[in-house]
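Look at the sequence and the model below.

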Amino acid sequence: MEEKKRGMNMSLPRFSHVTYEQYLIMRQHSDERLEYIDGVVYMTPSPSIQHQLVSSNLHTIFGSYLKGKTCKVFAAPTDIELVSETCSERKLVIPDLSIICDQTGFTDTKYVGVPTLIVEILSPSNQAYDLVTKFNLYMEYGVKEYWIVNPMKQAVTVYVLNEERLYEQADIKVSVGTVQSVCFPGLFVHLEEIFH
């Protein structure tokens, strides 16, 4: 395992050429949030107060909408091992928020499968990671809906898988307006409720 010197940008790889078994051992000996994608271990930065506020607001809105429904919302740190019939490699991510409808994938410590909807909240240090690495990963594994929330710009972008299993932008709002989920038609989120 080769440590990469990347300064304080903690969303970039810390270790590469790591097997999944080595990653699990690293997790046991670390208090940090570590994600595993394509043999690379990523350290997720400690969230800012603004990040936590946005996450809490969205968690409350999603939870209220899902009350009494089969699907449930989970906030970080919830381990999600992505599994797909078309992808053989194991990946483990810790999304900021995820809505999971298939309850059969839960173990005592993680969810094994693919959430229906994932939300990632951008931080100054992790934008490329969420906008490129995770965007492509979630698309590859068939996450039906992916929200990217940018607290710096007070913007929300919603992507949805099309028939070719590629993400297309379904909605974008900046500062004001209402974002609507595609997979959950009754789920509306007013930007003022997210960022204030």
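Contact here means heavy atoms within 4.5 Å. By that criterion, and leaving aside neighbours within four places in sequence, Trp147 is in contact with Leu58, Phe62, Leu117, Ile118, Val119, Glu120, Val156, Thr157, Val158, Val179, Ser181 and Val189. The model is predicted: local features need pLDDT of at least 70, side-chain atom pairs count only at pLDDT 80 or more, and totals for chains, interfaces and linings use all residues. Residues are numbered from 1 along each chain as its sequence is written, and side-chain values use heavy atoms, with hydrogens and water left out.

A nonpolar core is a set of buried Ala, Val, Leu, Ile, Met, Phe, Trp, Tyr and Cys residues joined through side-chain atoms within 4.5 Å; buried means under 20% relative accessible area (1.4 Å probe, protein chains only). The largest such core has 24 residues, of which Leu58, Phe62, Ile99, Val119, Trp147 and Val156 touch the most other members. H2 gives the most to this core, six residues. Another core, apart from it, has 23 residues, including Tyr138 and Tyr167.

Helices (H or I, at least four residues) and strands (E, at least two) are DSSP runs numbered from the N terminus, and two strands pair if DSSP finds at least two bridges between them. Six strands form an open sheet of mixed pairing, in the order E5-E8-E10-E11-E12-E13. Strands E5 (72-75) and E13 (167-174) stand at the edges with a single partner strand each, so one side of each has no neighbour in the sheet. E12 (residues 155-161) pairs with E13 in the antiparallel sense over seven bridges, and Thr157 stands opposite Ile172 in E13.

Note on methods:
Buried < 20%, exposed > 50% of the residue type's maximum accessible area, 1.4 Å probe, protein only.
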